Structures are given as structure tokens and as C-alpha cells.
Amino acid sequence: MERRPALADGPGFRVALSVPGVAVTFGLVLFALLLVVGLAFRTNDGGLLAGPLTLANLVAIFTDRLYAIIMLRSLWIAGLVTLATVVTAYPVAWYLAFHAGHRRGLILFLVTLPFWTSYLLRVFAWKIVLAYNGVLNSAMMSLGLWETPSTALLNNPAAVVVTLAHAYAPFAILPIFVSLQTIPRSLLEVSSDLGASRAQVFRRVVLPLSMPGVLGGALVVFVPTLGDYVTPSLVGGPGSIMIGNQIQAQFGKANDWPFGAALAVATMLVILIAVALVRQADRRWGSRT
Amino acid sequence: MGQPDMKASHLLPAYVGTYILFLYLPVALIPLFSFNDSIQAAFPLQGVTLGWYRILLDTPAIRGALINSLIIAMVAAAIATLTATAIAYLDVFPRPVLSRLVAGLARLPILIPGVIVGIATLILVNLAGFGPSRPAIVIGHVLICLPAAVTVIRARMAAIPRSMAEVASDLGASDWQVLRRAILPLAWSAIGSAFTLSFLTSFDEFIVAYFLAGTDPTLPIYIWSQLRFPKSLPVVMALGSLILLTSVTLAALAEALRRRSKI
């Protein structure tokens with residue numbers, strides 16, 4: 001595994017040290033993903049490896065309108081969530097990078113803390129907020145603002161977007177903050193000395209330089225939201241079924257693993273395209289230093 | 001934006017305050033209603049009770065799920081941290097081509113939605129013959145803990161001057177001694193932080209574990225199974241409050257460790 005001549009302990013040490021990493025990355029990460037891809041080309045006969053290959057699963061996914069609708073809906077929801085998360089996170093990252101002063105450590109801790117609390121509980125919290133006899137309805141009625149409880153809060157795509165945007169809010173702050181922090185202050189001073197207005201400094205200097213962080217943050221939010229199935233099933237109702245729900249169903253009730261694997265492959269292709277677009281965008285607007 | 005912005009309005013701090021409030025408000029409702037003397041999570045509050053916590057303690061299924069979650073989180077965090085330490089060390093110091101590939105692959109799961117990590121692990125463990133079980137969840141959790149663990153430990157190791165390892169090596173230390181006597185002592189707080197964060201990730205994780213749980217549920221899977229029954233929601237909120245308290249404490253600990261590692 002390790003061909004370079006080692007100095008003191010001989011190659012034995014490095015080979016031994018390589019074992020856990022190689023085992024986990026090749027044996028688990030890569031192998032498991034290859035299994036998914038392999039299974040996507042199988043018929044649903046209960047076998048996992050051997051047996052005839054077929055393109056039927058992938059053909060069905062790319063020809064059946066149902067899956068196109070669900071994939072587009074997932075993209076739409078994940079896109080909205082990503083946009084909302086990045087736009088709301090940017091000013092916070094801005095504040096952290098340029099204005100927070102001695103409070104930076106505390107605020108950074110406060111905005112990243114939810115990241116480490118249970119995702120399921122954060123989604124569940126929104127269910128009790130938005131439910132028919134839930135927090136928001138009862139609060140509005142006790143305050144006398146609403147006459148009757150609203151059913152329009154829960155079980156729609158908007159509830160999914162709000163819940164996901166809240167659940168993934170902290171993910172975007174850190175990458176944007178890091179990219180803003182690395183901008184040399186002198187650049188900002190020079191631009192404003194040369195007569196740029198504050199809006200111009202932001203649009204022409206700060207925003208392009210922070211683009212890698214924005215794109216990185218967007219990706220970190222987009223990927224898990226695209227494949228999410230918990231939020232749609234808890235607060236989304238039947239009109240918010242996403243691709244994650246479909247995959248989950250194939251490995252559960254529907255019991256068609258090869259088809260579920262094919263859906264997973266389609267989802268990974270979409271993510272791959274998104275990653276490629278982000279890289280392209282990064283090259284174009286990002287690292288122009 | 002240097003000077004002009006420094007005396008900017010109070011709009012930005014107000015926005016940040018509102019943002020943080022919005023971040024915490026829905027989650028804060030869980031502990032609030034866990035003390036509320038009503039099945040409904042609704043206003044007005046009905047009076048204070050500890051009854052839901054009492055039911056919680058009297059439910060053996062919850063204790064079983066808690067122990068299961070603790071064991072899985074312990075083992076998954078230990079494996080993820082050890083593996084991440086080895087990966088980060090090889091990637092930073094000797095840096096052969098293979099290590100770079102391994103370090104890249106170790107961070108790949110961050111680009112894969114949980115549902116796919118879950119089904120991929122499910123196929124893997126079925127192929128291996130043991131199927132959904134405790135070890136299956138451990139494998140799934142190692143995969144999702146690894147990216148953050150590698151990132152945290154690698155960042156710390158990259159900050160250690162290379163001369164440190166070179167000097168030790170020139171003075172006759174073997175590779176193993178360099179790692180154990182020079183690098184690990186300088187990286188231990190980052191390793192501790194990575195372990196704590198991995199433990200938390202695994203302890204709270206639902207999306208992947210859902211596919212991999214055998215007969216013994218973990219705590220998040222137990223919670224999921226109870227969400228269908230409106231009657232058990234107050235107990236779920238009591239349980240959720242305790243989980244939140246644990247998570248916040250551990251995250252604060254990890255943060256303290258991470259700050260120490262910066263000095």
C-alpha cells in the first residue's frame with residue numbers, strides 16, 4: 001500500500017497506520033456506494049449481487065413523469081431552503097467577521113450549538129408549533145388575533161421549507177464566516193479610499209471574495225435537504241413527498257430495493273451535477289484573487 | 001468594511017439577535033411544554049408538572065433505548081476518532097498519494113444524503129450476513145461521523161509545525177515515537193473534541209439509523225415510533241428535553257476542548 005521508503009521504522013509502521021483508514025474508506029464508503037450502483041441495475045428477485053442485469057429501473061425513473069415531478073419538487077424545495085439559509089446566514093457571518101469583537105466566540109458558539117442537537121427534535125419542534133391544536137394557533141387565539149385555528153400551517157411544502165431552513169440554518173454560517181474572515185481589511189480600505197461606495201465595495205470586492213464560502217455553505221445545506229425524508233413526512237403532508245421519501249419507501253413498505261437503489265443513483269447524479277455547477281460558479285465568480 | 005461600517009446602525013446586531021432567537025425559539029418549546037400539565041402542546045399553559053418525567057423514568061423501553069444509544073455512540077465515536085486520527089496523521093505528515101485519496105474519501109459522506117448512506121450500509125450489512133443490528137448502526141454512524149472527525153483533527157495537525165516531527169525524527173525517534181511523543185500530545189484536545197462531536201452525532205442520529213435498527217431501537221428511533229401517538233407526545237418532550245440538555249453539555253465540552261487546542 002505504501003511504496004515510499006520509510007525512514008526509521010520501515011514501511012511496517014505506515015502500513016499498519018494505513019489499515020484503519022483504507023479499510024473504512026475503501027471497504028465501507030466506496031464499497032457500499034458501489035453496491036448501491038450495482039443494485040440499481042438488478043431486478044427485484046431478492047438477490048443482492050448475482051443475477052441478470054437490467055436497465056429497467058433507471059429507464060422507469062427517467063421516463064415516468066411521477067419521478068420527474070418528485071425530483072423537481074425535491075430540487076425546488078432544497079433550492080429554496082438553500083437560498084433562504086444562505087441569505088439569512090450571510091449578515092450573521094458578516095457581523096461575526098467584522099463587528100462581533102469580543103463577543104465573537106460566544107455568538108459563534110451560539111449559532112453552531114443547534115448543529116449538535118438532535119435533528120429529529122428540531123423538526124418535531126416545528127410540528128408542535130404548526131399543528132392545528134399547536135403552539136402558534138393557540139397563541140394567536142389566546143392573544144385574540146385569530147378567531148379560529150388555521151389548518152393552512154401544516155402539511156404543505158411551505159412548512160417543509162421553513163422547517164428545513166431552520167434545521168439547517170447553522171450549516172451555512174461557518175463556511176461564509178471563514179471566507180469573510182480571510183479577506184484582508186486593507187482591500188476594503190483601499191476600495192473605499194478610491195471612492196467606492198459601501199454598496200460597491202460589497203458587490204465588487206466582498207461578495208466575490210466570499211463566494212467560495214457562500215457556495216460551500218450552499219452545498220452543505222443543499223445535499224442533506226435534497227435527500228431528506230423526515231421533514232416531509234412529519235410536517236409536509238401528501239403534497240410534499242420528496243425523493244428521500246421514495247427511496248425510504250422502496251427499502252420499506254414497497255420492498256423493491258433495486259428500484260430504491262436506482263432512485264439513490266439518480267439522486268447522486270443530481271448532486272454530482274450540482275457539485276460540478278458549484279465548482280464552475282466558484283471558478284467564475286469565486287477565487288479571483 | 002473598515003471604518004464607515006463600524007459606526008453603522010444597530011440594525012445588524014438587532015438582526016443577529018433576532019436570528020439567534022429564531023434559532024432557539026422552536027427548540028425551547030420542547031422543555032417548556034415538557035413541564036406543562038396537559039397532553040396538548042398549546043397555550044395557555046396549564047400549570048407545572050413533573051409527571052411526564054416520572055412516566056419517562058418508569059418506562060423500561062426508554063432505558064433500553066438509552067443504553068443501546070450510549071453503546072452505539074461510544075463504539076462508533078471510538079472507531080471514527082481512531083480512524084480519523086490515523087487518516088489525518090498520514091495525510092499531514094508523510095503524505096503519500098494513497099493517504100490523500102483516503103483522506104478525500106473519508107470526507108465524501110458529507111456529499112451524500114443520509115438516506116443514501118443508510119440504504120448503502122443496509123445493503124452492505126445484508127451482504128455481510130448480519131443485517132440490521134447494533135453493529136450495522138455502528139458502521140453507518142462511523143461513516144457519517146468521519147468527515148467532521150477528520151476535518152477537526154486534520155486542521156489541528158496541519159497547524160503543528162512540520163519541524164517538530166522532523167526534529168524528533170533527526171534526534172533518532174522512530175515513526176511511532178514521533179507520532180506518540182511529539183504529535184499526539186499536541187493534538188489530543190482536537191482528538192477529544194472530535195470524539196465528543198462524533199459521540200453527539202451518533203447519539204442524536206436518526207436518518208441513517210432508521211434503516212439499520214434491528215430489534216433494539218436507539219433513542220431517536222424510539223422517539224420516532226412514539227410520534228404517531230398524540231398521547232405520548234408529552235413524554236417524548238420530556239425525553240427530548242433531557243437529550244437536548246445532554247447534547248448542549250457535550251457540545252460545550254467539545255468547544256472548550258477545541259479552544260484549548262488552539263493555544
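## Confidence of the model

Chain B has an average pLDDT of 88, and 95% of its residues score at least 70; pLDDT is the predictor's confidence in each residue, from 0 to 100. This is a predicted model, in which local features need pLDDT of at least 70 and side-chain atom pairs count only at pLDDT 80 or more, while totals for chains, interfaces and linings use all residues. Residues are numbered from 1 along each chain as its sequence is written, and chains are lettered from A and ligands numbered from 1 in the order in which they are written. For chain A the average pLDDT is 86, with 95% of the residues at 70 or above. The model as a whole scores ipTM 0.88 and pTM 0.89.

Helices (H or I, at least four residues) and strands (E, at least two) are DSSP runs, numbered from the N terminus. In chain A the lowest mean among the elements belongs to helix H6 (residues 135-142), at 83, and the highest to H12(A), at 94. Over residues 1-7 of chain B, pLDDT stays under 50, and the model has 13 contacts beyond four places in sequence for this stretch. Two residues are in contact if their C-beta atoms, placed from the backbone, lie within 7 Å. Residues 1-8 of chain A also stay under 50 in pLDDT, with 20 contacts beyond four places in sequence.

## Architecture of chain B

Chain B contains twelve helices and zero strands. Its C-alpha trace spans about 70 × 65 × 30 Å along the principal axes. Of the 263 residues in chain B, 49% are buried; a residue is buried if 20 or more other C-beta atoms lie within 10 Å of its own, exposed if 12 or fewer, and partly exposed in between, with C-beta atoms placed from the backbone. Among contacts in chain B with a separation of 6 or more, 76% join residues 24 or more positions apart.

Helix H6 (residues 114-128) of chain B has 15 residues, which should span 21 Å at 1.5 Å a residue, and its end C-alpha atoms are 21 Å apart, in agreement. The expected span of a helix is 1.5 Å times one less than its number of residues. H6(B) is mostly covered, with twelve of its 15 residues buried; among them are B:Val115, B:Ile119 and B:Leu122. After H6(B) comes B:Gly129, which has a positive phi near 100°.

Helix H9 (residues 175-204) of chain B has 30 residues, yet its end C-alpha atoms are only 37 Å apart, short of the 44 Å that a straight helix would reach at 1.5 Å a residue. H9(B) bends by about 60° at B:Leu184, and a proline, B:Pro185, follows within four residues. The bend at a residue is the angle between axes fitted to the seven residues ending there and the seven starting there.

## Interface and nonpolar core

In the contact between the chains, 74 residues of chain B meet 82 residues of chain A. Helix H2 (residues 11-34) of chain B supplies twelve residues, the largest share of the side of chain B that touches chain A. By class, this side has 60 nonpolar, ten polar and four charged residues. Here Ala, Val, Leu, Ile, Met, Phe, Trp, Tyr, Cys and Pro count as nonpolar, Asp, Glu, Lys and Arg as charged, and the others, Gly among them, as polar.

The largest nonpolar core has 182 residues, and those with the most contacts inside it are A:Val36, A:Ala93, B:Ile119 and B:Ile153. Such a core is a set of buried Ala, Val, Leu, Ile, Met, Phe, Trp, Tyr and Cys residues joined through C-beta atoms within 7 Å.

## Selected residues of chain A

A:Gly244 lies in helix H12 (residues 243-250) of chain A and counts as buried because it has 29 C-beta neighbours inside 10 Å. Leaving aside residues up to four places away in sequence, A:Gly244 touches A:Gly227, A:Asp228, A:Tyr229, B:Pro113 and B:Val115.

Two asparagines have positive phi values. A:Asn155, with phi near 60°, is in the loop between H6 and helix H7 (157-167) of chain A and is partly exposed, with 19 C-beta neighbours inside 10 Å. A:Asn255, with phi near 50°, lies in the loop between H12 and helix H13 (257-286) of chain A; A:Asn255 is exposed, having 12 other C-beta atoms within 10 Å.
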